[in-house]
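Here's a quick briefing on the charged side-chain pairs in this protein. Have a look at the structure first, then read on.

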Amino acid sequence: MAKVLTVSCKHCLQPTRVSANGGLTDCLWCGKENDNGSAKVISSNRCERCGKEIGDDFCNRCANQESYAGTRVVGKQSVDFRKRAILIGPYISWQQFNQDILDFSDSLKGKGYDAVIGVPRSGMVVASQMSIRLGVPLYSLGEYGPIHLGGGLRVRSRDEMPDPSKALLVEDSTASGYSFKEACNWMGEAMENWNVHKAAIYATGKQTESLDEYHRELELPHWFEWHLMWSSYLMEQWKVGVDFDGILCPDFTPEQDDDGWRYLDAMKKARCLVPAGTHIHAIITARLEKYRPWTQDWLEKHGITYNHLVMGHWQTKEDRARACLGSYKAEQCDKFDVGMFVESCPHQSQIIKSKRPHPVLCPALGGSVAR
């Protein structure tokens, strides 16, 4: 692939790309030709608002960090879309997950548990936090039995640690009971000798009877932030489509969203919110088509692959603001045969669901939109 430079168009001054090896390239914005000798990069070492020296970066001190997750201003009215949404299939965020672990741990204090055994992978997240909260040794579970990891205060050798008299075998969730069945087989004789009790943070109604402890009954369907994008089976079988900003990376602040250099800078530096190696059937975003090269670079940098990358056909963000983005995304979902769609905006999620029979998951609302 030929090396390219991000420069300022000598005609319209907007960010565009040219070949580093020379030659003419059409501007992504105005369509006029540029080359690497005639185009210059716009740069400043001071914030436009507060004058703070910031080197090559843009100032965050003045940025408005207002969130639009639950409430948006429509005309002169503030509409809380959470109150209008009818949801099925709860969505559990990392923040909610951590709080549930702490609450569950506190409810077990005084019950005599003297060890916590985690079932890899996500069960270890639960076990590690619970062992600290309860002040007891932590074990992992391997194919040949429990593995001692530490006593909470410091790492000790296995020989110094007596066998537990009442241990807790923990998972993040159980729906079919299969993982616990396999875990009990791996425990072997220790299952009886250690007086092991099974526990999960979340369990379906049918599984609560097979557990000794659980925190919350959670029927199917439900969605976990730490599992959705990791599940290649779910992503492929459901042909999952996703929004970009707010799902794959954080939403932009109003100051960053200037449809120019600040926006481009924020786009390049945005954190990735999903695991590397994630494969997505269709990414459907209202980002403008002229930002496709940088969007593709960001996806490649973070190891995200996809079958389709659909971007907005509008010329400017003012043109986009006059469009119904929910209807646009619903049309693209139908065009590219998307099953479940993951949308960051509560308002758009309800519009998409009103136009399609397929599930629409909105993390900001906390679940799947029913209608």
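A salt bridge here means a side-chain nitrogen of Lys or Arg within 4 Å of a carboxyl oxygen of Asp or Glu. Going by that, the structure, which is a predicted model, holds 13 salt bridges. As background, side chains of opposite charge can pair when their charged atoms come close.

**Arg-216 and Asp-100**
- Arg-216 and Asp-100 pair up through their side chains in a salt bridge, at 3.7 Å from N to O.
- Arg-216 sits in strand β13 (residues 213-217) and Asp-100 in helix α2 (residues 94-108), so this pair ties together parts that are 116 residues apart in sequence.
- Buried means under 20% relative accessible area, and Asp-100 is buried at 5%.

- The side chains of Lys-109 and Asp-106 form a salt bridge, with 3.2 Å between N and O.
- Lys-109 is partly exposed at a relative accessible area of 46%, and Asp-106 is partly exposed too, at 32%.
- Through salt bridges that share partners, Asp-106, Lys-109 and Arg-133 are joined into one network.

**Glu-289 and Arg-292**
- Glu-289 and Arg-292 also meet side chain to side chain in a salt bridge, at 2.5 Å from N to O.
- Glu-289 is partly exposed, its relative accessible area being 35%.

How values were computed. Residues numbered from 1 in each chain as written. Predicted model: local features only at pLDDT ≥ 70, side-chain atom pairs only at ≥ 80, totals over all residues. Heavy atoms only, no water. Helix = DSSP H or I, 4+ residues; strand = E, 2+ residues; numbered from the N terminus. Buried < 20%, exposed > 50% of the residue type's maximum accessible area, 1.4 Å probe, protein only.
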